[in-house]
Amino acid sequence: MSVLTHTLAVLFGMGSWVSINGLWVELPLIVPQIPEGWYLPSYLSVLIQMANVGPLFVTLMHRFRPGALNETAVIYAIIALGTVASFLLGFFWKETVVVAGVPRSLALLVLTFFLAAVDCTSSVTFLPFMMRLQPQYLTTYFIGEGVSGLLPALVALVQGVGVVHCVNSTQSLNRSGNASAGAGDYRLQARYQPSNFSAEAFFFFLSAMMLVCLLAFLLLNLHPAVAREQPVPRYSNGTKESSQARRTRAEQRPMMDPFRHQNHKPRSSFGTGSYSWTQVVYIFVILAWVNALSNTVLPSVQSYSCLPYGNNAYHLSATLAAVSNPLACFVAMFVSIRSLVFMGFLTVLGTGIGSYIMFMAALSPCPLLVNDTSGAAVMVLAWILFILSLSYVKVIIGVILRDEGHSALVWCGAVVQLGSLLGALTMFPLVSVYGLFSSGDPCGTSCP
C-alpha cells in the first residue's frame with residue numbers, strides 16, 4: 001500500500017467539488033458587492049442544476065457508445081477548465097454588464113456555470129477512473145472529496161467571512177448625537193467584520209487547488225510507483241477496445257473478496273451479478289436519497305436551523321459538519337460494513353436526525369430551546385451525526401459498486417447527481433419562491 005498513491009488519491013478527490021464549495025462559503029463577501037444581492041444563491045442553484053448536462057452527456061455516451069469516450073482526456077479537460085475558470089473569477093467576479101436595462105454580474109454567472117459543469121461531471125468521471133487502482137484507494141478518494149468541502153470552509157474562517165460582531169445600536173446612536181436612549185431601548189445589531197483578505201485572493205486559492213488536482217491526476221497516470229499498484233494492465237483510457245477486454249474491465253474485482261462466494265450463480269445481469277435487481281434498486285434509491293438530503297435539502301436550510309441559536313452555533317455546525325465528511329470516510333477505511341441492513345439502519349438514523357434539523361428550521365426564528373445553551377449544543381451535534389451517518393453510507397455504496405465494475409461506478413455518479421438535482425428542485429421553491437423559512441437574528445432572537 002503506497003503512501004504516495006493514497007496522497008495523490010486524496011488530492012485528486014479534493015478537486016471534485018472544491019470550486020463550487022468554495023464559492024458557496026464566499027457568498028457573504030460577494031453578495032454585498034454585486035447587483036444580484038442575496039438572489040445570487042438562487043441563481044447559483046439553478047446554474048448548478050443546468051450544469052448537469054455534463055454528467056448526462058457522459059452517462060448517455062457510456063450507455064449508447066461504450067468505449068467511445070476517452071475518459072482520461074475528459075478528466076484532463078474538466079480539471080483544466082476548472083483551474084482557468086477559478087483563476088478568471090479572481091479578475092472578473094465584480095464586473096457587470098447591462099442586460100435589458102439592468103446591471104448583471106454576467107462574468108460571475110457564466111464562470112460559475114463552467115465551474116458547476118466541471119464539478120458535476122467529476123461525479124461520473126473521477127469515480128470510474130478509480131477503478132484503475134486497488135479497491136482501498138477508492139475510500140481514500142472519498143476522503144479527498146470530503147476535504148473539498150472542509151478546506152474552503154477552513155480558509156474562509158481564516159479569511160473572516162461571515163464573522164459577526166454584535167454592536168449596541170443604542171450606544172452608536174448616542175455617540176452620533178441624534179438621540180438619547182434609555183436602558184429600555186438597549187438593542188444589539190449585527191455588524192459583519194471586514195475580511196482578512198479579499199475575495200480575489202480566495203478565488204486564486206481555489207484555482208491553485210484545482211492545479212494541485214491536475215498535477216495529482218497527472219502523477220496517478222504516469223508515476224511508476226502508481227503503475228505498480230494497478231490491479232490489471234492499464235486501461236485503454238476509455239477508447240474503444242475489444243469486447244473481451246471491456247468485459248474483463250467491467251468485471252474487475254478483488255481476487256479475494258470475503259463478502260462474496262467465488263463460484264456464485266449470477267443473481268442479475270448488473271455488474272458481477274452479486275446482487276439481485278431488487279437489491280440493486282434498493283442500493284441506488286438509498287444513494288439518491290442520502291445525496292439529496294446531504295447535498296441540497298438540508299444545506300439549503302442550515303442557516304435557518306442554526307442562526308436562531310447564535311452565530312457561534314452556525315459556524316460550529318458548518319465547520320464540524322465539514323470535518324465529519326472526511327472523518328466518516330477515514331473510519332470506512334478501517335471499518336467497512338457492507339451489510340445492506342446496516343446501510344438501511346444508518347439511512348433511517350440520518351433521515352431521522354435530518355427531520356429534526358428540518359423541523360427546527362421550519363420553527364425559525366423561534367425553534368425549541370432557542371434561549372437555552374443546550375439547544376445550540378443539540379443542533380451542532382445533530383449536524384455532526386447527520387453528516388457522519390450519511391457520509392458513511394455513501395462511501396460503503398461506492399465500495400460495493402466499485403466491486404461491480406466500471407459501469408456501476410458511472411451509474412453511481414449519475415445517481416448522485418440525480419439525487420442532488422431532485423433535492424434542489426424540491427427545496428428551491430420552498431426556500432426562494434414561497435419563503436417558508438425565516439432567518440434568526442445572529443445577535444439574539446426575540447422569542448416568547
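Modeller: Leaving aside its neighbours within four places in sequence, S195 is in contact (heavy atoms within 4.5 Å) with L29 and Q159. This is a predicted model, in which local features need pLDDT of at least 70 and side-chain atom pairs count only at pLDDT 80 or more, whereas totals for chains, interfaces and linings use all residues. Residues are numbered from 1 along each chain as its sequence is written, and side-chain values use heavy atoms, with hydrogens and water left out.

S195 sits in the loop between β4 (188–192) and α11 (199–222), these being DSSP runs numbered from the N terminus (helices H or I, at least four residues; strands E, at least two). With a relative accessible area of 28%, S195 is partly exposed, that is, between 20% and 50% with a 1.4 Å probe and protein chains only. The side chain of S195 reaches the backbone oxygen of F197 at 3.1 Å. From C-alpha to C-alpha, S195 and V163 are 8.5 Å apart in space, although 32 residues separate S195 and V163 in sequence.

As for the helix pair, α4 (residues 40–50) packs on α19 (residues 406–433) at about 155 degrees, with axes (lines fitted to C-alpha atoms over the stretch in contact) 11 Å apart. The angle makes α4 roughly antiparallel (over 145 degrees) to α19.

Conventions: Axes fitted to C-alpha atoms, helices over the stretch in contact; angles between N-to-C directions. Parallel < 35°, antiparallel > 145°, perpendicular 65-115°, else oblique. Polar contact = N/O pair within 3.5 Å; in protein donor to acceptor, adjacent residues only side chain to side chain.
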